[in-house]
Amino acid sequence: EPSHVASIQKRCDASRQKRAEEGKDQLGWIGYIDGSDTYMTTESHNVGVRAAGAWIRAVDAALGSLEVEKSTKPIGMALTRPPGHHATYASSNG
């Protein structure tokens, strides 16, 4: 949902700014997105945007929107890590 993404962007930007004003490293922990197990850092929004861009580019490549060798079959791959990629059988984890 766009409003959820915008709220995450605002939280990341505000936290990064506050940390800079305090003389701290701008990369840092903010809190949990869902109040449970998916944590957020000051770079979470930027990382998510880049991951989404990687998937869009992969789809464009597979559909032929990008210049690729025409003798190959359409294929695309994006090496990204989704939320929950640290989860185990017994425990959910960001």
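Author: Two helices and two strands make up the protein; helices (H or I, at least four residues) and strands (E, at least two) are DSSP runs, numbered from the N terminus. Read from the N terminus, the order of these elements is α-β-β-α. The model is a predicted one, in which local features need pLDDT of at least 70, side-chain atom pairs count only at pLDDT 80 or more, and totals for chains, interfaces and linings use all residues. Residues are numbered from 1 along each chain as its sequence is written, and side-chain values use heavy atoms, with hydrogens and water left out.

Helix α1 comprises 20 residues (residues 2-21), which at 1.5 Å a residue should span 28 Å, and its end C-alpha atoms are 28 Å apart, in agreement. The expected span is 1.5 Å times one less than the number of residues in the helix.

The buried residues of α1 are I8, C12, S15, R16 and R19. They cover an arc of only 100° around the axis, which places them on the same side of α1; the arc is that of the directions from the helix axis to the C-beta atoms. An α-helix has 3.6 residues a turn, so residues three or four places apart point the same way. On the other side of α1, P2, K10, K18 and E21 are exposed. Here buried means under 20% relative accessible area, exposed over 50%, and partly exposed in between (1.4 Å probe, protein chains only).

The partners of the buried residues of α1 are β1, β2 (39-41) and α2 (44-63), against which they pack. S15, which belongs to helix α1, illustrates this side of the helix. With a relative accessibility of 16%, S15 counts as buried. Apart from its neighbours within four places in sequence, S15 is in contact (heavy atoms within 4.5 Å) with I30 and T42. Just after α1, G23 adopts a positive phi of about 80°.

For the protein as a whole, 18% of the 94 residues count as buried. Of the contacts with a separation of 6 or more, 33% involve residues 24 or more positions apart. The protein exposes about 7200 Å², of which carbon and sulfur atoms supply 57%; accessible areas come from the Shrake-Rupley method with a 1.4 Å probe, and for residues only the protein chains shown count as cover.
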